Amino acid sequence: MSRFYITTPIYYVNAPPHLGTFYTTVVADSLARYHRAQGEDTFFLTGLDEHGTKIERIARERGLEPQAYTDLMAVKFQEAWRRAEITNDDFIRTTSARHVQAVTEMWKRMEEAGDIYPADYDGMYCVGCEDWKSEDDVIIEAGEKVCPIHHRPVERVKEKNYFFRLKKYAGRLLSLYETPGFIRPESRRNEVASFVRGGLNDISVSRMRKSVAWGIPVPGDHDHVIYVWIDALTNYLTVLGGPGAVAREGTSRERWHAAHHLIAKDILRFHAVYWPAMLMSAGLPMPAGVVCHGYLTVKGQKISKSLPATRVDPLLIADDLGIEPLRYFVLREYALGGDGDFTYEALLQRYESDLGNDLGNLLNRTVSMAHRFRKGTVPPFTPGAADAMEEVVKMGGGWAARSAGALWRDFSPAQALEASWKLIREANRFIDSRKPWVLAKHEDNKHEDNQGGDPLDAVLAICCESLRTTARLIAPAMPGTARKILAQLGRPESEAETWPADGQFAWPGGTMGAPEPLFPRLDAEKKAALIAKWMPADPAAEASPRADGSEPAAGHQHLLPIEKAELDRIELRAARILACERVPKTDKLLKLTLDIGSEQRTVISGIAGAYQPEALVGRTVMYLANLKPAKIRGVISQGMILTAGDTDVLALSAFDREVPPGTRIG
Ligand code: MSP
C-alpha cells in the first residue's frame, strides 16, 4: 500500500498562530487531503514545542507555571487549527509522557553509539532561536552582540554540557543529500551540502538544570536537561511509537520511510543536518525527506511573532471572509520555495477574480441555467454526443486532473491550483461560446450538431461535469467549497473525497440545489473597511495568556531597532486642526482639515469614539506628513495624526506650548 506521512514543525507556544504558521499547516493539510483522496495510507502530524528557555521565561513573565501556560496555549492552537479545517491525525505535545519516553530512548541510543560526551561549553546562546551562536553568527547593535534574526542580545553560557558527535556524520550526510528528493527544492540541497562541506562541529545537546529547568532530564544525570531541539525533533518518531517502533519492521517503519518534513528555511539546518545525524547515530532509517519553503513577509519583513507589526491574524480574516478563501490564497499565491509578500489587497484581489469571477460565476451560471431551462435537472451526459468544443472542455478536465495530480505529488500546490483553474476558465469560455440561452430559444435545432443528443442538455451536462471535476480538484485546498459545489449540483458531497480518475469525464446526472453565491461580492467601501479591521491595530499588544487574564503591556523588548537614516525619512510636523466633521455612516471616523504651514491637508482619523468634532477645532497636534495617502470611505486621507491608546480610550498628541503649524518634529 502506498503511504504518505507529512509533518509540520512543532510550533513554539510563545504566541498564538499567525499567518506564517497557518501557511505551513495549511500546505501540509492540503497535501494530506490530496494523498487521502488518492486512497493512500496518509498520516498527518502537527503539534507543539513546549520546552525550553523561551517558553519557561514567557510563562513566568505572565505569572504562570510553564505547564499551565503551555496548556492554555495548546487550546488556542487546537482551536485555531480546527477553524482552519486542519485534518491532522495526531497532535503532539512535547510535554506529554509518550514524548518524554521517546526522547529518553533516543538519547540512550545516541549515547550507546558513543556519540554523547561531556565537555565544557563556553559560548553564546540566542533564546529566540533556541540555538547556539558563534562569533560569525552575531552582529553588533548598540555595542552589544545580538542575534541578527531576533535583534536581541545573545546570552553567554559557560557550563558543563553534553555534546553530540555531529562532526563524525559529515561524510554520511553528504552521501544522503545525493538521494534524489531528500531535500527540496534543489537550491536548498546545495545550500545544506555546502554548509556541511564547510565543516561541522560537535554540538552541545544539554543545559544545566540550574540554568534551564523546563525540559526533559538527561537519562542518568538529572542535573542536566536535554537541549530543546534534540527533544523537539524526536516528536516525529514519538507519534509512530518511538525510536524502537521505527527500528522494527512494521507499519511504523513503513510510515517512517514515507515521512516528509515540511518546514521553512529558518529551521532547515536542524532538519537536514542535525536530525539525520541523530537518526544515523540512533541506528534508525531515514525519512523520505525535507521540503523547505520560504518566508511570508509583510513589507519585506518576515512574519513573526516577535515582530508584532508583521502580525496577520488568519482567524480575524476568516471571521469576515471565511477560512477557505484564505486557505486558497496562501496556497495559490506563494509558490513553495521562494519568499512572498502578503498584502490584504492581493488577498481581496484573488477573492474577487479567481473565486468570485471564475469559480463562483461558473457555478452560479450553470445552476441558474439548469433551473431556468431544465427545471433544475440535468440528465446524464452521453459520451459520443460531444461536438468539438465539448471535446475541448472534456479534454481540459482530464488534463487538469492529470497535471494537478502530478503537481500535488510534487509538493507544488500553487501550480496544481493554477492547472485546476484552467478547467474553470475553459468551462466559462465554453458557456460564452455555446450560449445556452440561445440554444434554449431554438430547441428545434436539436439534432443538427451532436449526433442525436439534445444540445442544451449536452452543454449543461458539460458545465456540471466541469464543476464536479473542479470540486474534486480544489478539495485539498477548499474542502467545504468543494462540498457546497457538489451539493448545488445535486451530487453526493462524498465525491469530494476522491480524486477524479484519468479520462473520467461523464456527468452522471443531478438535480440542482438552490443557486447560492459562494463568494459574495465586496464593494470598494466594504473592502476598505475589512482591511482597516484586519490591520494590526496595536501591534505591540500580544495575545498570549497571563495569569490574571489581562493582556501584556506593549512589548518594548520586541521592537526592532531602526537606523537614524530611517527615522530621517519620517516627516513629523505640527498641524493645526482647521475643521472637523464626522464621516457619515461610521461611528469611529472623523474627517479633519489640517493646516501644515505650507498647505492644507485632509486626514481621516479613527478618533470619533473619544472626541467630539467641534472640540478639536483650533488644536495643534503631531502629524505624520509623508504616510502614503489611502482612500478611506471614498476620501483620500493624506497622512495621520498621532494618538496614544486605541478606539474609545485614546489621547491626542499635543504640545505644551504654542507651536506654529508646519514646525518639524524630531
Ligand atoms: N519549535 C521549532 C520547530 C521544531 S520542529 C521539530 C520552531 N517553531 S516556530 O514556532 O518558530 O515555527 C517555525 C516554523 O513556522 C517555520 O519553519 C515555518 O514552518 C513556520 N513559519 C513561521 N513564520 C513563517 C513565515 N513568516 N513564513 C513562512 N513560514 C513561517 O521553529
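I'll go from the overall layout to the ligand, and then to the cysteines.

Keep one thing in mind from the start. This is a predicted model.

Let's begin with the whole chain. The chain has 666 residues, and 55% of them count as buried. The C-alpha trace spans about 90 × 80 × 45 Å along its principal axes. Count the secondary structure and you get 22 helices and 30 strands.

Now the domains. The domain assignment gives domain 1 as residues 3-317, domain 2 as 351-511 and domain 3 as 564-665. How far apart are the C-alpha centres of domain 1 and domain 3? The answer is 46 Å.

Next, the ligand. There are 25 residues around the ligand. The ones that come nearest are Ile10, Thr24, Asp49, Ile303 and Lys305.

Which elements supply them? Four of them give at least two shell residues each: strand E1 (3-12), helix H1 (19-37), helix H7 (228-233) and helix H8 (235-238). Strand E1 gives the most, with 4 residues.

Let's zoom in on some atoms. Asp266 places a polar side-chain atom 2.8 Å from an oxygen atom of the ligand. The backbone takes part in the picture too. A polar backbone atom of Leu296 lies 2.8 Å from a ligand nitrogen. For Ile303, a polar backbone atom is again 2.8 Å from a nitrogen atom of the ligand. And how much of the ligand does the protein cover? On its own, the ligand has 670 Å² of accessible area, and the protein covers 96% of that.

Last topic: the cysteines. A quick reminder first. A disulfide is a covalent bond between the sulfur atoms of two cysteines. How many disulfides does a search of the whole structure find? It finds 0.

Take Cys464 as an example. The cut-off for a disulfide is 2.5 Å between the sulfurs.

Is Cys464 buried or exposed? Cys464 is buried, with a relative accessible area of 0%. Cys580 also counts as buried, at 15% relative accessibility. The limit for buried is under 20%.

That's the tour. Over to you for questions.

Conventions. Residues numbered from 1 in each chain as written. Predicted model: local features only at pLDDT ≥ 70, side-chain atom pairs only at ≥ 80, totals over all residues. Heavy atoms only, no water. Domains from an automatic or database assignment. Near = heavy atom within 4 Å. Polar contact = N/O pair within 3.5 Å; in protein donor to acceptor, adjacent residues only side chain to side chain. Areas by Shrake-Rupley, 256 points an atom, 1.4 Å probe, with all protein chains shown as cover. Buried < 20%, exposed > 50% of the residue type's maximum accessible area, 1.4 Å probe, protein only.
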